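Here are my notes for a first look at this one. Have the structure open while you read, and take the points in order.

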Amino acid sequence: MGKRRPGSPTLEEVAAHAGVGRGTVSRVVNNAAGVKESTRRAVQQAIAELGYVPNLAARSLAGRRADAVALVMTEPDWRKFAEPFFSEIVRSLGDALSDTGMQLLLTLVRSDTDRERFLEYARGGRVDGVLVMSVHADDPLPDRLAEARLPTVLLGRRSADEHVSYVDADNVGGARSAVAHLLDKGRRTIATITGPLDMYVTRCRLRGYHEALAHAGLDAPPSWVAEGDFTAESGRRAMARLIERHPEIDGVLAASDTTAAGALEALRAAGRRVPEDVAVIGFDDFPLAERTEPRLTTVRQPLEEIGRAMVRLLLEEMEESSVAWRHVILRTELVVRESA
């Protein structure tokens with residue numbers, strides 16, 4: 001151990017010596033999960049060299065960690081939890097947390113009562129951080145979590161001005177590339193089946209749809225747009241409405257692969273061939289896209305990367321609560337198969 005300086009070294013001095021944040025030193029001192037082994041060793045070496053002695057009273061208070069992260073799904077319709085997107089995200093988040101020793105607690109918030117109950121639970125120190133998915137535009141939960149100073153990361157965002165940390169996919173670019181592909185294939189009457197319009201992800205994909213058509217000199221009338229809710233049933237109903245309104249439709253961008261699967265059923269029932277009569281593109285690239293007939297062209301979201309990025313941002317906020325909000329947008333990729 002190196003020669004000790006006069007006075008007791010502070011947590012800040014240990015952090016500067018190790019080249020890490022104050023919060024990281026605190027987590028090492030309290031033996032908390034979520035710190036890389038190389039970082040832990042560097043902090044322990046700095047503690048030894050400086051002769052740092054933790055304040056036991058402060059350590060007792062700081063050490064009250066739950067070693068648990070809540071995944072909050074804010075969707076009022078419980079049936080949507082059966083959609084592939086939810087299970088894929090839960091799996092990717094679980095994988096990303098597997099090396100941290102932290103538990104992933106699944107919580108459903110479907111009403112104002114659920115929200116208040118969860119906030120009381122989280123403020124009681126039962127979780128160290130919160131991951132939120134399926135956020136709608138008017139959802140106050142992220143703001144309430146921020147007010148309670150709980151580390152929080154959203155999957156997606158409520159608006160372009162989101163002030164809570166989030167990870168999102170490039171929904172505008174993904175939709176734009178899908179419609180551009182349909183245009184390149186000679187399609188000119190291209191409709192879209194959206195998700196719920198009170199979700200920013202839906203508005204982004206709709207924006208990409210309109211941008212691609214505008215670039216080609218086409219102006220989509222409102223009747224080319226049918227609102228759905230990401231489910232197969234909404235895809236069937238919306239596609240049937242679109243065919244009734246515009247029998248000449250020759251291309252469709254669906255809000256999700258599940259919605260696209262429903263649209264394929266409606267087209268088949270109407271005697272339309274895919275892709276000969278109507279080309280169809282989904283969004284997500286779930287395993288479902290390989291099982292439809294024909295196989296589905298779709299926009300791939302990097303769900304594994306999304307899960308890893310959400311966990312990384314959350315751990316950083318847990319280690320250093322004073323860091324600024326971070327916003328991460330990941331690229332999408334068009335995967336071309338037989339349906340388009």
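1. Of the 340 residues in the chain, 54% count as buried. Keep in mind that this is a predicted model. Its C-alpha atoms fill a box of roughly 85 × 40 × 35 Å along the principal axes.

2. How far can you trust it? The average pLDDT for the chain is 88, and 90% of the residues score at least 70. Over residues 1-6 the pLDDT stays under 50, and the model gives them eleven contacts beyond four places in sequence. Residues 56-62 also stay under 50, with five such contacts.

3. On the overall make-up, the secondary structure comes to twelve helices and twelve strands. Take the contacts in the chain with a separation of 6 or more: 72% of them are between residues 24 or more positions apart.

4. How do α1 and α2 pack? Helix α1 covers residues 11-18 and helix α2 covers residues 22-29; their axes are 8 Å apart and the angle is about 105°. That falls between 65 and 115 degrees, so α1 and α2 are roughly perpendicular to each other. On the α1 side the contact is made by Leu11, Glu12, Val14 and Ala15, and on the α2 side by Arg22, Val25 and Ser26. Sorted by class, that contact has four nonpolar, one polar and two charged residues.

5. Helix α2 also meets helix α3, which runs over residues 37-50. Here the axes come within 10 Å and cross at roughly 85°, so α2 and α3 are roughly perpendicular to each other too. From α2 come Thr24, Val25, Arg27, Val28 and Val29; they meet Thr39, Arg40, Val43, Gln44 and Ile47 of α3. The class count for this contact is five nonpolar, three polar and two charged residues.

6. Is Glu319 buried or exposed? Glu319 sits in helix α12, residues 303-319. Its relative accessibility is 17%, and the limit for buried is under 20%, so Glu319 counts as buried. Which residues does Glu319 touch, leaving aside neighbours within four places in sequence? They are Gly23, Thr24, Arg27, Gly34 and Val35.

7. Six strands form an open sheet with mixed pairing, in the order β7-β6-β8-β9-β10-β12. The edges are β7 (225-227) and β12 (333-335), each of which pairs on one side only. On average, neighbouring strands are turned by 20° against each other, direction ignored.

8. Zoom in on the β7 end of that sheet. Strand β6 (residues 190-194) pairs with β7 in the parallel sense over three bridges. Look for Thr192, which stands opposite Val225 of β7. Helix α9 (residues 200-215) packs on the sheet, where it touches β6, β7, β8 (251-254) and β9 (279-284). The direction of α9 makes about 175° with that of β6.

Conventions: Residues are numbered from 1 along each chain as its sequence is written. This is a predicted model: local features need pLDDT of at least 70, side-chain atom pairs count only at pLDDT 80 or more; totals for chains, interfaces and linings use all residues. Side-chain values use heavy atoms; hydrogens and water are left out. pLDDT is the predictor's confidence in each residue, from 0 to 100. Contact means heavy atoms within 4.5 Å. Axes are lines fitted to C-alpha atoms, for helices over the stretch in contact, and angles run from 0 to 180 degrees between N-to-C directions. Helices (H or I, at least four residues) and strands (E, at least two) are DSSP runs, numbered from the N terminus. Angles under 35 degrees count as roughly parallel, over 145 as roughly antiparallel, 65 to 115 as roughly perpendicular and the rest as oblique. Ala, Val, Leu, Ile, Met, Phe, Trp, Tyr, Cys and Pro count as nonpolar, Asp, Glu, Lys and Arg as charged, and the others, Gly among them, as polar. Buried means under 20% relative accessible area, exposed over 50%, partly exposed in between (1.4 Å probe, protein chains only). Two strands pair if DSSP finds at least two bridges between them.
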